[in-house]
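These are my notebook entries on a single protein chain. I looked up how its strands pair, and then turned to individual residues.

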Amino acid sequence: MNPTRQRRLWMALLVLLAASVGGGLIVWALQRNVTFLHSPTAVRDGQVPEDARFRLGGVLLEGSVKRETGSLRVAFEVTDRFNNYPVVYDGILPDMFREGTSVIATGRIRDGQLVADEVLAKHDEQYMPKEVADAIAAAKEQGEAKAAADAPTYGDAPPDAAAPPAEATTSGGTY
């Protein structure tokens with residue numbers, strides 16, 4: 001191999017090594033800032049690492065907001081309509097923060113509750129973040145699967161024996 005080709009090969013290897021090191025440093029730096037969205041059901045099931053910072057998404061449970069007098073500290077519960085999870089926040093809440101609306105709280109778990117450092121609320125009647133909608137749908141599927149697994153069995157009876165009676169029909173349609 002002539003000296004020019006050898007120099008080009010070493011230069012290409014050095015550029016590749018530098019790009020790999022730079023890419024690794026970027027991934028390492030971004031990894032510290034990643035916050036995953038979880039539903040209250042996922043948090044209750046222990047799918048969140050102990051000291052991880054994460055986002056809790058769901059709906060603000062009606063009747064759960066409790067404000068401390070003389071401070072900005074607020075305690076409330078976020079629900080996916082299957083499980084609730086308590087949240088504590090010390091700060092100014094968004095204007096759209098109302099019971100029954102979608103919220104996302106970012107923070108860490110301490111003493112069995114999320115200590116939030118940021119709370120976001122939906123901005124109009126039609127909007128729900130895709131992650132929150134997906135988390136609620138996944139929790140609903142888990143709840144249905146659990147209910148099906150917990151359903152009583154009726155021994156050797158045929159499958160239609162446990163079914164409710166069929167609806168009455170007439171020539172006019174189903175009633």
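I began with strand 2 and strand 4, which pair in the antiparallel sense over 2 bridges; strands are DSSP runs of E of at least two residues, numbered from the N terminus, and two of them pair if DSSP finds at least two bridges between them. Here L60 stands opposite V78 in strand 4.

I noted that the model is predicted: local features need pLDDT of at least 70 and side-chain atom pairs count only at pLDDT 80 or more, while totals for chains, interfaces and linings use all residues. Residues are numbered from 1 along each chain as its sequence is written, and side-chain values use heavy atoms, with hydrogens and water left out.

I then followed strand 2 to its other partners. Strand 6 runs antiparallel to strand 2 and is joined to it by 6 bridges, with G57 opposite I104. Strand 1 (residues 37-38) pairs with strand 2 in the parallel sense over 2 bridges, and R55 is the bridge partner of L37.

Why is strand 2 largely enclosed by the rest of the structure? I found that 6 of its 7 residues (54-60) are buried, so the strand is largely enclosed; buried means under 20% relative accessible area, exposed over 50%, and partly exposed in between (1.4 Å probe, protein chains only).

I next looked up R73, which lies in strand 4. R73 is partly exposed because its relative accessible area is 33%. Not counting residues up to four places away in sequence, R73 touches K66, R67, E68, V88, Y89 and D90, where contact means heavy atoms within 4.5 Å.

Technical notes
Helix = DSSP H or I, 4+ residues; strand = E, 2+ residues; numbered from the N terminus.
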